[in-house]
Amino acid sequence: MPSIWVDADACPKAIRDIICRAAIRTQTAAIFVSNHYVPLESHPLIKRQHVEQGFDKADDEIAGQIQAQDLVVTQDIPLADQAVTQGALAMSPRGDEFSPETIKSRLNQRDFMETLRGAGMVTSGGPAAFNQSDKQRFANALDRWLNQNR
């Protein structure tokens, strides 16, 4: 069965908890990669990989280990692009799925916004606060992926 890879540095605790419960329930390996300590449930299927501090170290670790059909949970659009390119499914902690059809436009949008910010242009204040409907949307998307990959 494919594994769940989590870019854990910026993953909300509620989503980490959902992933842990689902991994145990479905006997699916979940690997949390971070450059700082992230509290997780203790279970043989729940694995923690610590990487050194540095820009994109966790992303590089995940990209170097994922396999086709794995799930990558990340807010990082370039990592999502790498995952999709390698045949994995990428999903944000809000339950947004990144597909081969959508990832390039998301990457272009991200790069455009980064260019605006780099030029000193004021952009929006970021995404809305994480809420209950985001958590439910993620849980539903995770369940769909788990059911498709049993």
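Arg-137 forms a salt bridge with Asp-134, with the closest N and O atoms 2.7 Å apart; a salt bridge is a side-chain nitrogen of Lys or Arg within 4 Å of a carboxyl oxygen of Asp or Glu. Both residues lie in helix 5, three residues apart, about one turn of the helix. This is a predicted model, in which local features need pLDDT of at least 70 and side-chain atom pairs count only at pLDDT 80 or more, while totals for chains, interfaces and linings use all residues. Residues are numbered from 1 along each chain as its sequence is written, and side-chain values use heavy atoms, with hydrogens and water left out.

**Salt bridges**

- The structure holds six salt bridges.
- Side chains of opposite charge can pair when their charged atoms come close.
- Asp-134 is also bridged to Arg-94, and the closest N and O atoms of this pair are 2.7 Å apart.
- Asp-134 lies in helix 5 and Arg-94 in the loop between strand 5 (89-91) and strand 6 (97-98), so this bridge ties together parts that are 40 residues apart in sequence.
- Asp-134 has a relative accessible area of 5%, whereas Arg-137 is partly exposed at 36%.
- Another salt bridge joins Asp-143 to Arg-25, with 3.0 Å between the closest N and O atoms.
- Because Asp-143 lies in helix 5 (residues 132-148) and Arg-25 in helix 1 (residues 13-26), that pair ties together parts that are 118 residues apart in sequence.
- Asp-143 counts as partly exposed, at 31% relative accessibility, and Arg-25 counts as exposed, at 52%.

**Overall architecture**

- The secondary structure of the protein chain comes to five helices and six strands; helices (H or I, at least four residues) and strands (E, at least two) are DSSP runs, numbered from the N terminus.
- Along the sequence, these elements follow the pattern β-α-β-β-α-β-α-β-β-α-α.
- Of the 150 residues in the protein chain, 43% are buried.
- Contact means heavy atoms within 4.5 Å; among contacts in the protein chain between residues at least 6 apart in sequence, 52% join residues at least 24 apart.

**Helix 5**

- Helix 5 has 17 residues and reaches 24 Å from its first C-alpha to its last, close to the 24 Å expected at 1.5 Å a residue; the expected span is 1.5 Å times one less than the number of residues.
- Its buried residues are Asp-134, Phe-138, Ala-139, Ala-141, Leu-142, Trp-145 and Leu-146.
- These buried residues pack against strand 1, helix 1, strand 4, strand 5 and strand 6.

- In helix 2 (residues 57-65), the buried residues are Ala-58, Asp-59, Ile-62 and Ala-63.
- Seen down the axis of helix 2, these residues fall within an arc of 130°, so they line one face of the helix; the arc is that of the directions from the helix axis to the C-beta atoms.
- The cover over the buried residues of helix 2 includes strand 1, strand 2 (30-34), strand 4 (71-73) and helix 3 (77-85).
- Helix 3 has Ile-77, Leu-79, Ala-80, Asp-81, Ala-83 and Val-84 as buried residues.
- At the start of helix 3, a side-chain oxygen of Asp-76 comes to within 2.8 Å of the backbone nitrogen of Leu-79.
- After helix 3 comes Gly-87, whose phi is positive, near 90°.

**Asp-7 in strand 1**

- Asp-7 is found in strand 1 (residues 4-7).
- Asp-7 is buried yet has no salt bridge, and the nearest side chain of opposite charge, Arg-16, is 10 Å away; Lys and Arg count as positive and Asp and Glu as negative, while His and the chain ends are not counted.
- The side chain of Asp-7 does make a polar contact, at 3.0 Å, with the side chain of Thr-74.
- A polar contact is a pair of N or O atoms within 3.5 Å; within protein, one must be able to donate a hydrogen and the other to accept it, and residues adjacent in sequence count only if both atoms are side-chain atoms.
- Leaving aside neighbours within four places in sequence, the residues in contact with Asp-7 include Ala-58, Asp-59 and Ile-62, as well as Asp-76 and Leu-79.

**Val-38**

- Val-38 sits in the loop between strand 2 and strand 3 (46-50) and is buried, with a relative accessible area of 4%.
- Not counting residues up to four places away in sequence, Val-38 touches Ala-8, Arg-16 and Arg-48.

How values were computed: Buried < 20%, exposed > 50% of the residue type's maximum accessible area, 1.4 Å probe, protein only.
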